Amino acid sequence: MRMDLKSLALPGVQHLQPYQGGKPLDELERELGISGAIKLASNENPLGLSELAKVAIEASLENGARYPDGNGFYLKRRLAEKLAVSASQLTLGNGSNEVLELLARGFLGQQHNAIIAEHAFVVYQLVITAQNATAIVVPASSWGHDLPAMAAAVNEHTRLLFIANPNNPTGTWVSLASIKALLQELPDTVLVVVDEAYFEYVDQPGYGSALELIDDYPNLVVTRTFSKAYGLAALRIGYSVSHPDVADILNRLRQPFNVNSPALAAALAVLDDDDYLRRSIGVNRDGYNQLVTGFDSLGLAYIPSAGNFIAVQVPGDVSAIYEALLRQGVIVRPVALYGMPHHLRVSIGLPHENQRFLDSLGRLLVDRDTA
Ligand SMILES: *Cc1c(COP(=O)(O)O)cnc(C)c1O
C-alpha cells in the first residue's frame with residue numbers, strides 16, 4: 001500500500017481550502033465558444049496598466065538578468081517620504097497577501113489564535129490555518145466588522161486581529177474613531193492588522209487611514225497594495241507599515257528577493273502618476289453610481305460598498321445566474337465561500353462593461369420570471 005502523501009502534511013495545511021481563482025479568459029472563451037468576454041471578477045483596475053508604469057517596467061528589463069534590489073531601496077525611500085514614516089517601518093511583499101502571510105508566520109503558532117470577522121477577506125483564514133493556529137470568527141453586524149465584538153473575543157492566546165477596511169467582498173468599512181477605540185482597549189500583545197487594500201477609493205464620512213495612529217500604537221500594522229487603484233495586480237507588490245520591530249521580524253522571514261524588479265520599478269512610477277490615480281478613482285465612482293442605479297431599477301438589494309466592487313443580492317439560484325452570465329461572457333464572482341450564498345460580487349468596470357453586466361443580469365431575471 002502506498003503512503004497517503006497528504007497525511008504527511010502539517011495538520012493545518014491539510015485543512016486548507018485552495019484559493020479558487022477563475023479560468024484564464026481565453027480558455028473560458030474557447031470552452032464556451034464565445035469571444036469578447038468581460039472579467040468583472042477580481043477587483044482589478046479596468047483602466048489597465050498606467051503608461052508610466054509600462055515605461056518603467058520596460059526599462060527595468062534592461063537588468064532582467066540581475067537579481068532585484070532585495071531591500072527595495074528606492075521604493076521604500078519614496079513611500080517613506082509620501083507616507084511620512086521611516087523606511088525601517090516598511091515591509092515590501094509579493095502582493096500585500098504575502099505580507100499578511102508573513103505576519104501569520106511570524107506571530108502565530110498552534111497555541112495561538114487570530115480574530116477575524118465573518119465575511120472577511122479569505123486570505124486571513126488561509127494564513128492562520130496554515131500556521132496550525134485557530135481563527136476565531138466573529139459574527140458580522142450588517143455585513144460589516146463588529147469591532148467591539150472582535151475586541152471581546154480576544155483572549156490571552158490572541159496574537160493577531162485582522163480588520164479589512166474596506167472589506168472584500170462586502171465593501172463595508174469602519175471609522176477611524178472605532179479603530180482607535182479598539183486599539184485603546186486591546187493589550188499591546190495583540191497585533192492589529194488593518195488591511196487598506198482599497199484605501200484610495202474610499203470617500204466616506206468618518207473613514208480615515210489607520211496610518212494616522214501608527215506612531216501611537218506599536219501593535220498596529222497597516223497593509224496596502226498596488227494591485228487595485230494603482231493597477232499593478234499582475235506585478236504582485238504590496239507593503240505594510242508597522243513598528244520597526246515588527247518590520248524587522250517580517251523582513252527576516254521573507255525571501256531575500258520576494259519582490260521583483262519590474263514590480264519595484266512600476267510601483268515607483270505609478271506612485272507619482274497622479275493622473276492615473278485620479279482617473280482610477282473617477283471611473284470607480286461613476287461606475288458605482290451606474291451599477292447601483294441599475295440595481296435599483298432591477299429591484300435588487302446590494303451592500304453599499306466603499307471599494308471597487310459591489311456585492312449584489314440575486315433572488316433564486318445564484319449559481320445558475322452566475323453560470324448563465326458566464327455563458328454570455330460576463331464573469332463575476334460567486335461569494336458563497338464567504339458565507340454569502342445569495343450574493344454575487346461584481347467588480348466595477350468601464351461604463352460599457354458595467355452596462356453589459358446590467359443588461360445581461362436584467363435579461364436573465366426577466367427570462368426566469370417569465371419561464
Ligand atoms: C485584493 C486584496 C488584497 C491585495 O492583494 P494583493 O496580494 O496585494 O494583490 C488585500 N486585501 C484585500 C481585502 C483585498 O481585497
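Predicted model: local features only at pLDDT ≥ 70, side-chain atom pairs only at ≥ 80, totals over all residues.
Domain bounds here come from an automatic or database domain assignment.

Figure 1. On the domain 1 side, 31 residues take part in the contact, and domain 2 puts in 28 residues.

**Figure 2. The largest nonpolar core.** This core counts 85 residues, and Leu 103, Leu 161, Phe 162, Leu 220 and Phe 226 have the most contacts inside it. Domain 1 (5–48 + 275–370) and domain 2 (51–272) both supply residues, so the core lies between them. Another core, of 29 residues, lies apart from it, with Ile 38, Leu 40, Val 318 and Leu 364 among its members. Zoom in on Phe 226 and, leaving out residues up to four places away in sequence, you find it touching a list that includes Leu 75, Leu 79, Tyr 239, Ala 267, Val 270 and Leu 271.

**Figure 3. Helix H10 under cover.** The buried set includes Pro 262, Leu 264, Ala 267, Val 270 and Leu 271. Among the elements doing the covering are helix H3 (51–60), helix H4 (73–83), strand E2 (90–93) and helix H11 (274–298).

**Figure 4. Helix H5 against helix H9.** Here H5 (residues 96–107) packs on H9 (residues 244–253) at about 100°, and the axes are 9 Å apart. That angle makes the two helices, H5 and H9, roughly perpendicular. From H5 come Val 99, Leu 102, Leu 103, Arg 105, Gly 106 and Phe 107, and they meet Val 246, Ile 249, Leu 250 and Leu 253 of H9. Sort the residues of this contact by type and you get eight nonpolar, one polar and one charged.

**Figure 5. Arg 159 and its neighbours.** Look for Arg 159 in strand E5 (residues 158–164). Its relative accessible area is 26%, so Arg 159 counts as partly exposed. Setting aside residues up to four places away in sequence, Arg 159 touches Phe 107, Leu 108, His 112, Asn 113, Thr 189, Val 190 and Leu 191. Ala 149 is ten residues from Arg 159 in sequence, and their C-alpha atoms are 16 Å apart.

Figure 6. The peptide bond from Asn 165 to Pro 166 is cis, with omega near 0°. For the cis bond that joins Asn 168 and Pro 169, omega is about 15°.

**Figure 7. Positive phi at Asn 43 and Ser 142.** Phi is near 55° at Asn 43 and near 50° at Ser 142. Asn 43 sits in the loop between strand E1 (38–39) and H3, while Ser 142 is in the loop between strand E4 (134–138) and helix H7 (147–152). Ser 142, at 67%, is exposed.

**Figure 8. Tyr 19 in its loop.** Tyr 19 is placed between helix H1 (11–14) and helix H2 (25–32). Beyond its neighbours within four places in sequence, Tyr 19 contacts Val 122 and Arg 333.

Key. Residues numbered from 1 in each chain as written. Heavy atoms only, no water. Axes fitted to C-alpha atoms, helices over the stretch in contact; angles between N-to-C directions. Helix = DSSP H or I, 4+ residues; strand = E, 2+ residues; numbered from the N terminus. Parallel < 35°, antiparallel > 145°, perpendicular 65-115°, else oblique. Contact = heavy atoms within 4.5 Å. Nonpolar A, V, L, I, M, F, W, Y, C, P; charged D, E, K, R; others polar. Core = buried A, V, L, I, M, F, W, Y, C linked by side-chain atoms within 4.5 Å. Buried < 20%, exposed > 50% of the residue type's maximum accessible area, 1.4 Å probe, protein only.
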